[in-house]
Amino acid sequence: MGKPEILDYTQNRELSWLRFNQRVLEEARDETVPLMERMKFVAIFTSNLDEFFMIRVGSLYDMAAADNSKVDTKSGMTPRQQLEAIYKAAAPLYKERDKTYAEIKKQLQPYGVCGLDFKELEQQERKYVKKYFKDQILPVLSPQIVDTNHPFPHLLNKEIYVVATLKRKDDIMLGIVPVPHYISDILYLPGHDIRYIRMEKVIMEYLEIVFDKYEVSDKNYICVTRNADISPNDEAYADNEDFRFIMKETLNKRRRMAVVRLETAAHLSKEMEKYFCDRFRITPECIFRTKIPMKLGFIFAIADKIPESMKRALTDKPFTPQPSASLAEGSVMEQVGNKDVLLAYPYESMDPFLQLIREASSDPDVMTIKITIYRLAKKARLVEYLCAAAENGKEVTVLIELRARFDEQNNIEWSERMEEAGCRVLYGFEGYKVHSKLCLITYRNKNEIRYITQVGTGNYNEKTAKMYTDYSLITSDREIGEDAAVFFKNMSIGNLDGVYNHLIVSPASLKQRVLALMDEEIVKGERGRIIMKMNSLTDMDFIRKVSEASQAGVKIDLIVRGICCILPGIPGRTDNLKVTSIVGRYLEHPRVFVFGSGADAKVYIGSADMMTRNTEKRVEVACPIFDDKIRRRLIHDLNVMLADNVKARKMLSDGTYRKKTGGDHPVNAQETFIKEALNARRPSSPVHKEKVKRPFWKKIAGLFHRK
């Protein structure tokens with residue numbers, strides 16, 4: 001077998017992701033952003049980087065060990081070459097992040113928000129910290145020496161350990177103290193200002209008390225990042241009837257995976273560096289010194305503690321998701337039975353969807369509620385309403401994906417709660433995650449079966465619905481409902497090859513249908529138009545089709561927040577392609593696809609990015625938009641994003657990004673949508689659905705699906 005063709009208009013996905021995270025860090029450096037919001041961006045950058053090392057770097061380590069000769073089809077690099085490039089690219093990002101954090105921290109001090117070192121503590125504060133350490137921290141510490149009789153302990157992923165060299169007489173050894181995860185990350189100091197010191201610094205300061213029989217030197221604290229790219233063992237499926245048991249075993253296994261990164265607060269001595277490299281089987285390139293906290297979750301708690309009098313200067317202007325401009329007060333079921341409704345999070349509230357489920361749970365005409373779930377909040381009203389529906393005698397089917405990465409435990413617990421209430425709980429397929437966001441309510445109206453279908457671009461997560469931008473379509477269209485009913489039937493019997501008239505579903509038809517719609521635009525040549533919004537783009541079939549469309553003269557705009565493996569502006573390849581990325585106050589999350597322009601434009605929303613994992617290895621659902629008003633709104637939103645010259649960046653042909661600029665009129669898409677939501681007027685009473693002539697393309701949509 002020959003080497004794969006490496007296209008001249010593609011780039012490596014991992015390096016593309018690092019450039020995305022660099023854009024997040026740029027928001028932390030943007031002086032027009034309030035200081036605490038900038039600090040949050042530092043925390044988000046850090047959390048993103050942690051997950052990147054756990055998953056993507058971990059995956060490359062596995063690939064390098066299995067077959068390092070296999071090359072990346074987008075860059076021609078082997079797994080080891082990719083790892084080398086990642087570590088090289090990550091090092092300057094660390095320095096930029098540390099510098100940014102230090103600058104923001106300094107600027108926060110005049111506002112009374114002070115993260116302190118011991119040398120900065122006042123005398124009374126030192127006394128307070130020492131007493132707190134002796135009374136509250138020392139009794140719960142679990143220090144350990146490492147010698148012949150005390151083996152090196154297993155260091156947990158992303159937990160902090162204070163370490164030091166210990167000496168007693170002629171014996172030299174390592175001392176390790178885990179920073180307990182059940183105590184606060186920071187210690188607030190008495191007083192009106194928000195003055196605090198991190199707990200690992202407190203423990204390190206008093207290490208001589210912990211190891212009181214030893215001479216203590218080379219004090220430091222460290223944190224290991226472990227490979228977390230682990231999937232359930234396929235053989236386990238055959239041996240266990242309950243997939244929940246398999247997932248619990250998988251989570252336990254993840255705790256002991258190989259180290260892919262070591263972070264240290266101070267430089268390691270040559271001896272200590274060699275010791276840790278040997279112990280963790282890593283190279284010096286895997287060691288990163290960080291001058292900022294290794295855990296930054298406390299930033300969000302500090303933001304909540306800021307007095308109201310200072311919040312205006314330090315945080316974004318508060319915004320509460322608004323009531324839907326499409327719905328009046330009253331029954332949501334009744335209103336969506338008469339017209340399609342589109343909710344746009346977080347500009348509009350998720351409450352109408354939750355109210356819909358709550359109404360359905362007690363409506364005597366409702367027979368079934370079926371839903372796919374990928375991620376849920378820790379506290380989920382949705383689950384309570386689904387449980388209430390089951391307890392009220394409705395047939396409730398929940399297809400919950402237990403392999404939603406880092407939400408596995410949460411989903412296991414919710415699945416058990418729903419099963420106890422009488423819901424029928426199903427899990428994803430072997431080899432295929434169920435990532436779709438689909439809900440179907442079936443009810444009887446006189447002697448007629450009717451449907452209400454909800455299709456979303458984001459999770460049913462009440463917390464992230466206030467932080468992520470997403471769309472949620474609620475429709476009573478009979479044909480969409482019939483498709484959704486067939487979908488849930490197929491999921492229940494393990495059929496991934498279902499045929500649908502209007503919904504496009506991966507792995508069977510989504511990619512094929514998208515490529516066919518692009519072919520329609522290619523036929524139009526220079527009159528063709530494609531606008532697609534997604535989170536990431538890696539699928540090679542899609543990339544080749546974009547290049548083909550560009551060469552045919554089709555004008556293509558891709559709005560891609562994160563990874564984008566296609567390069568725009570490559571002569572003869574992607575001349576007519578523009579790539580935009582928006583990083584702003586909210587995380588951009590919708591997937592919207594527009595083919596054509598004007599009244600003939602075909603518009604879809606769905607759960608899938610154009611990544612091979614989504615199009616071939618996940619169950620995803622995209623839905624056509626038939627309502628003219630909603631289609632116009634979605635196209636309007638995309639055009640506003642393309643006009644953004646404040647938070648938007650355009651990709652250059654070398655894969656780097658440059659902020660968009662444009663005249664005297666700044667356009668911030670997210671701020672525009674906030675203003676539109678605040679100015680929208682709700683209807684005073686339920687509006688009945690107008691008879692709209694169905695577009696011709698809807699009638700023939702089923703012809704494009706694989707039989």
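**Figure 1. Helices α14 and α15 of this predicted model run roughly parallel to each other.** In this close-up of the predicted model, helix α14 covers residues 381-391 and helix α15 covers residues 408-421. Their axes come within 8 Å and cross at roughly 20°, and because angles under 35 degrees count as roughly parallel, the two helices are described in that way. The crossing of α14 and α15 is right-handed. On the side of α14, the contact is made by Val383, Glu384, Leu386, Cys387, Ala390 and Glu391, while α15 contributes Trp414, Arg417, Met418 and Ala421. Sorted by class, the residues in this contact of α14 with α15 are seven nonpolar and three charged, with no polar residue among them.

**Figure 2. Helix α14 also packs against helix α13.** The axes of α13 and α14 come within 8 Å and cross at roughly 15°, which makes α13 roughly parallel to α14. The crossing of α13 and α14 is left-handed, whereas the crossing of α14 and α15 is right-handed. From α13, the residues that make the contact are Asp351, Phe353, Leu354, Ile357, Arg358 and Ser361, and from α14 they are Arg381, Leu382, Tyr385, Leu386, Ala388 and Ala389. By class, the contact of α13 with α14 comprises eight nonpolar residues, one polar residue and three charged residues. Leu386 of α14 can be followed from one view to the next, as this residue takes part in the contact with α13 and also in the contact with α15.

**Figure 3. Helices α2 and α10 pack in a roughly antiparallel arrangement.** Helix α2 spans residues 35-67 and helix α10 spans residues 298-305, and the two pack at an angle of about 165° with their axes 9 Å apart. Since angles over 145 degrees count as roughly antiparallel, α2 is placed in that class relative to α10. The crossing of α2 and α10 is left-handed. Met36, Met39, Lys40, Ala43 and Ile44 of α2 meet Ile299, Phe300, Ile302 and Ala303 of α10 in this contact. By class, the contact of α2 with α10 has eight nonpolar residues, no polar residues and one charged residue.

**Figure 4. A salt bridge joins Glu348 to Arg633.** Side chains of opposite charge can pair when their charged atoms come close. In this pair, the closest N and O atoms of Glu348 and Arg633 are 3.4 Å apart. Glu348 sits in the loop between β10 (341-345) and α13 (351-362), whereas Arg633 belongs to helix α20 (residues 628-643), so that the pair links distant parts of the chain, 285 residues apart. With a relative accessibility of 6%, Glu348 counts as buried, while Arg633, at a relative accessible area of 26%, is partly exposed.

**Figure 5. Asp316 and Arg585 form a salt bridge between two loops.** The closest N and O atoms of Asp316 and Arg585 are 3.6 Å apart. Asp316 lies in the loop between α11 (308-314) and α12 (332-336), and Arg585 lies in the loop between β21 (577-582) and β22 (587-588), so this pair links distant parts of the chain, 269 residues apart. Asp316 counts as partly exposed at 22% relative accessibility, and Arg585 is likewise partly exposed, with a relative accessible area of 27%.

Figure 6. Lys511 is buried, with a relative accessible area of 8%, whereas Asp541, at 36% relative accessibility, counts as partly exposed. Helix α17 also holds Lys524, a residue that counts as partly exposed at 30% relative accessibility. From C-alpha to C-alpha, Lys524 is 60 Å in space from Gln109, and these two residues are 415 residues apart in sequence.

**Figure 7. Several charged residues are linked in a network of salt bridges.** The members of this network are Glu26, Glu27, Asp30, Lys647, Arg649 and Lys659.

Notes:
Residues are numbered from 1 along each chain as its sequence is written. This is a predicted model: local features need pLDDT of at least 70, side-chain atom pairs count only at pLDDT 80 or more; totals for chains, interfaces and linings use all residues. Side-chain values use heavy atoms; hydrogens and water are left out. Axes are lines fitted to C-alpha atoms, for helices over the stretch in contact, and angles run from 0 to 180 degrees between N-to-C directions. Helices (H or I, at least four residues) and strands (E, at least two) are DSSP runs, numbered from the N terminus. Angles under 35 degrees count as roughly parallel, over 145 as roughly antiparallel, 65 to 115 as roughly perpendicular and the rest as oblique. A crossing is left-handed if the near helix is turned anticlockwise from the far one by less than a right angle, and right-handed if clockwise. Contact means heavy atoms within 4.5 Å. Ala, Val, Leu, Ile, Met, Phe, Trp, Tyr, Cys and Pro count as nonpolar, Asp, Glu, Lys and Arg as charged, and the others, Gly among them, as polar. A salt bridge is a side-chain nitrogen of Lys or Arg within 4 Å of a carboxyl oxygen of Asp or Glu. Buried means under 20% relative accessible area, exposed over 50%, partly exposed in between (1.4 Å probe, protein chains only).
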